[in-house]
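Dear colleague,

Here is the structure we spoke about, for you to open alongside this note.

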Amino acid sequence: MISQPSRHCTVGLQALPSRIGQVRRIVSAQLRYWHLDQLIDRAALGVTELLTNVHRHAEPDKMCTVEIEFLLDRLTVSVHDNDPRLPVVEDPELFATCGRGLAMVAAMSESWGVRPNGESGKVVWFTLPAHSAAVTPVRPAYATALEAPVRRFGSEARRPEHAPARSAVVG
């Protein structure tokens, strides 16, 4: 039995520099919505690198689909494009200004890979672990002040003066 349903998001785009920034913001917002804030930086970095590769290398076009899925404490980010050529991890020269993207994805992810996608295309993906303890919101240090005993003065109950205000805004 799966205790938590799959969370899934798909975005189709043309991998142009302006669109890459938009997709990075979409991925970040979706992970915030899923309460996976601890994965935002690595997911945004990884999806940026994969989309940059599509922009630089994919032929015949730059059309692609970004898919993020959270299932069983694991986030999978994948980019599907229409170019059947598989990427190669390079060992760039010391002062090279490109060629390190897949090595960065490999270094910051739990696992990554590439697979053919039909007759003309591929999927490049990476996974990030999100243990259930990390997904559960951490209780703030001041929470004990919010639970301080209520003092009664006559028929009126008040909270201690030092207790922080509560907010209905999630953030």
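This is a predicted model: local features need pLDDT of at least 70, side-chain atom pairs count only at pLDDT 80 or more; totals for chains, interfaces and linings use all residues.

A search of the whole structure finds one cavity of 30 Å³ or more, where a cavity is a set of points on a 1 Å grid over the protein atoms alone at which a 1.4 Å probe fits but cannot get out, and lining residues have an atom within 4 Å of a point.

Residues are numbered from 1 along each chain as its sequence is written, and side-chain values use heavy atoms, with hydrogens and water left out.

The largest cavity is lined by Cys-9, Thr-10, Val-11, Val-23, Ile-26, Val-27, Val-66 and Ile-68.

Turning to the packing, the largest nonpolar core holds 32 residues, of which Val-23, Leu-31, Trp-34, Val-47, Leu-51, Leu-75 and Val-79 touch the most other members. Such a core is a set of buried Ala, Val, Leu, Ile, Met, Phe, Trp, Tyr and Cys residues joined through side-chain atoms within 4.5 Å, buried meaning under 20% relative accessible area with a 1.4 Å probe and protein chains only. Of the 171 residues of the chain, 34% count as buried.

Leaving aside residues up to four places away in sequence, Val-79 touches Val-47, Leu-51 and Val-124, among others, a contact being heavy atoms within 4.5 Å.

Best wishes

How values were computed: On a 1 Å grid over the protein atoms alone, a cavity is a set of points where a 1.4 Å probe fits but cannot get out, and a pocket is an open set with protein on both sides within 12 Å along at least five of seven lines; lining residues have an atom within 4 Å of a point. Grid points are joined across faces, edges and corners, and a volume is the space filled by probe spheres set on the points. Buried means under 20% relative accessible area, exposed over 50%, partly exposed in between (1.4 Å probe, protein chains only).
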